[in-house]
Amino acid sequence: MEVTDAVRGGPGMTRSTGPLRVSSRTDALKLRGALSARLTQEGVAEMQAAGQMAIGTALKAIAIIGTPRAADDNRPPPRNTGAVANVKFRRDTVMKDGELRNLTIVSFEVSNQGGEEIKDGAGETIRVSRITHIGPLASKITSEFKEDPTKTVTVRVMGPQATSIAMKALCVTRNQLAEDGVTDTPQFKAQFIRENDLSIVEIKVGIQKEEVTK
């Protein structure tokens, strides 16, 4: 479902199946509404985004859901008060302007349950900027979990470029851990915080322990 199109359809959008496809034109608040509705209805949802703006919008929607309301906010309580996500990517080839171009599609798998492994801790905070390189960032996060799989890694981003870099680094981290034999999935929660009068997205990453079926 393309969110920008589905929103025009009103209530019917929650009955659509398949992933929520996020584009550079998608409004974060409308996406939050569609994501929240899907989580309420099914408990899980998937968003697919390609490009810095779309990836940034997808994370914003998760962060809006995950940000606690102010104590003096008298609005009705939200349907969902938190969202736990993991990310992975795939390569695709598309035709644009008569040329074949490579495209990286980031898939956000979101749930309204879980995330018990993600705890508030006093560990190191990794700040990501638009000039941060994906490879070293992914290696840093991977090494943190290899050192202590129970820890929570905090990543802070501001702006679509930094957000895209952070999400792609988490995708690489997932692959790196899998290559090292770690089958547990890195997952994260996100919320908006204020830092030096700036609005920043804080991402807390932990490792989801896979259940063993006997």
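Modeller: Let's start with a ground rule: two residues are in contact when heavy atoms of theirs lie within 4.5 Å. This is a predicted model, so local features need pLDDT of at least 70 and side-chain atom pairs count only at pLDDT 80 or more, while totals for chains, interfaces and linings use all residues. Numbering starts from 1 along each chain as its sequence is written, and side-chain values use heavy atoms, with hydrogens and water left out.

Biologist: Thanks! How many helices and strands does the protein chain have?

Modeller: There are five helices and eight strands, taken as DSSP runs numbered from the N terminus (helices: H or I, at least four residues; strands: E, at least two). Read from the N terminus, the order is α-β-α-β-α-β-β-β-α-β-α-β-β. Among contacts between residues at least 6 apart in sequence, 67% join residues at least 24 apart.

Biologist: And what share of the 214 residues counts as buried?

Modeller: That share is 43%, where buried means under 20% relative accessible area, exposed means over 50% and partly exposed lies in between (1.4 Å probe, protein chains only).

Biologist: Which residues of the largest nonpolar core touch the most other members?

Modeller: First the idea: in soluble globular proteins, nonpolar side chains tend to be buried together. A nonpolar core is a set of buried Ala, Val, Leu, Ile, Met, Phe, Trp, Tyr and Cys residues joined through side-chain atoms within 4.5 Å. Here the largest one has 46 residues, and those touching the most other members are Leu35, Met47, Ile62, Phe108, Met167, Phe188 and Ile203. Take methionine 47: beyond its neighbours within four places in sequence, its contacts include Leu20, Leu35, Ile62, Phe108 and Val110.

Biologist: Where does alanine 83 lie?

Modeller: Alanine 83 sits in the loop between helix H3 (52-66) and S3, and it counts as buried because its relative accessibility is 4%. Alanine 83 and isoleucine 64 are 19 residues apart in sequence, with 9.5 Å between their C-alpha atoms. Leaving out neighbours within four places in sequence, alanine 83 contacts Leu39, Ile62, Ile65, Val110, Ser111, Phe188 and Lys189.

Biologist: Is threonine 173 buried or exposed?

Modeller: Buried, because its relative accessibility is 0%. Threonine 173 belongs to helix H5, and not counting residues up to four places away in sequence, it touches Ala138, Ile141, Thr142 and Pro186.

Biologist: Which residues line the largest cavity?

Modeller: They are Asn86, Val87, Leu170, Arg174, Pro186, Gln187, Phe188 and Val205. Strand S3 (84-96), helix H5 (160-179) and strand S7 (185-195) each supply at least two lining residues, and S7 gives the most, with three.

Biologist: How do I read salt bridges, and how many does a search of the whole structure find?

Modeller: Side chains of opposite charge can pair when their charged atoms come close. The cut-off is a side-chain nitrogen of Lys or Arg within 4 Å of a carboxyl oxygen of Asp or Glu, and the search finds nine such bridges. In one of them, glutamate 144 meets lysine 140 at 3.0 Å, N to O. These two residues are about one helical turn apart because they are four residues apart in helix H4 (residues 134-147). Glutamate 144 is buried at 12% relative accessibility, whereas lysine 140 is partly exposed at 29%.

Biologist: Which residue forms a salt bridge with aspartate 180?

Modeller: Lysine 146 does, with the closest N and O atoms 3.1 Å apart. This pair links distant parts of the chain, 34 residues apart: aspartate 180 is in the loop between H5 and S7, and lysine 146 is in helix H4. Lysine 146 counts as exposed at 53% relative accessibility, and aspartate 180 as partly exposed at 45%.

Biologist: Which residues are linked in a network of salt bridges?

Modeller: Arg127, Arg156, Glu195 and Glu202 are. Within it, glutamate 202 and arginine 156 meet at 2.8 Å, N to O. They sit 46 residues apart, glutamate 202 in strand S8 (residues 198-208) and arginine 156 in strand S6 (residues 153-157). Both glutamate 202 and arginine 156 are buried.

Note on methods. On a 1 Å grid over the protein atoms alone, a cavity is a set of points where a 1.4 Å probe fits but cannot get out, and a pocket is an open set with protein on both sides within 12 Å along at least five of seven lines; lining residues have an atom within 4 Å of a point.
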